[in-house]
Amino acid sequence: MVRYGRIDARIKIAKGSNIITSFILMSDNGDEIDFEFVGTDTTVIQTNYFYKGEPVYNVNAMFFKVSVDLSEDYNIFTINWT
């Protein structure tokens, strides 16, 4: 069980159609923090969080364009949960 802290994930993004790579933290009551990567554009990082299981996609979601292809090598992604 993680209540707070720093969580690192070393991930190599999968490339291709219909492929999603994700790094997700989810609590028993539906709280969620996630990173998601769509295999057709491996230069975009998608993040989102939900509170008590309410999927509010258009409110908390953020998209980050990066200058490297994340499928080329392993990268470290971090959630610092305070």
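Ala, Val, Leu, Ile, Met, Phe, Trp, Tyr, Cys and Pro count here as nonpolar, Asp, Glu, Lys and Arg as charged, and the others, Gly among them, as polar. By these classes, the lining of the largest pocket has five nonpolar, one polar and two charged residues. The residues are Met 1, Val 2, Arg 3, Leu 25, Met 26, Ser 27, Asp 28 and Trp 81. A pocket is an open set of points on a 1 Å grid over the protein atoms alone, where a 1.4 Å probe fits, with protein on both sides within 12 Å along at least five of seven lines; lining residues have an atom within 4 Å of a point. The largest pocket holds about 230 Å³ of space, a volume being the space filled by probe spheres set on the points, which are joined across faces, edges and corners.

This is a predicted model: local features need pLDDT of at least 70, side-chain atom pairs count only at pLDDT 80 or more, and totals for chains, interfaces and linings use all residues. Residues are numbered from 1 along each chain as its sequence is written, and side-chain values use heavy atoms, with hydrogens and water left out.

**Overall build**

Helices (H or I, at least four residues) and strands (E, at least two) are DSSP runs, numbered from the N terminus. The C-alpha trace spans about 35 × 25 × 20 Å along its principal axes. Of the 82 residues, 33% count as buried. Buried means under 20% relative accessible area, exposed over 50%, and partly exposed in between (1.4 Å probe, protein chains only).

**Salt bridges**

A salt bridge is a side-chain nitrogen of Lys or Arg within 4 Å of a carboxyl oxygen of Asp or Glu. The count comes to three.

| Pair | Closest N and O atoms |
|---|---|
| Arg 6 and Asp 8 | 3.1 Å |
| Asp 69 and Lys 15 | 2.7 Å |
| Asp 41 and Lys 65 | 3.8 Å |

Arg 6 is exposed at 60% relative accessible area.

Asp 69 forms its salt bridge with Lys 15. This pair links distant parts of the chain, 54 residues apart: Asp 69 sits in the loop between strands S5 (62–65) and S6 (75–81), Lys 15 in the loop between strands S1 (5–11) and S2 (20–26). Asp 69 is partly exposed at 21%, while Lys 15 is exposed at 52%.

Asp 41 pairs with Lys 65. Asp 41 lies in the loop between strands S3 (32–38) and S4 (44–50) and Lys 65 in strand S5, so the pair ties together parts 24 residues apart in sequence. Asp 41 is partly exposed at 31%; Lys 65 is exposed at 61%.
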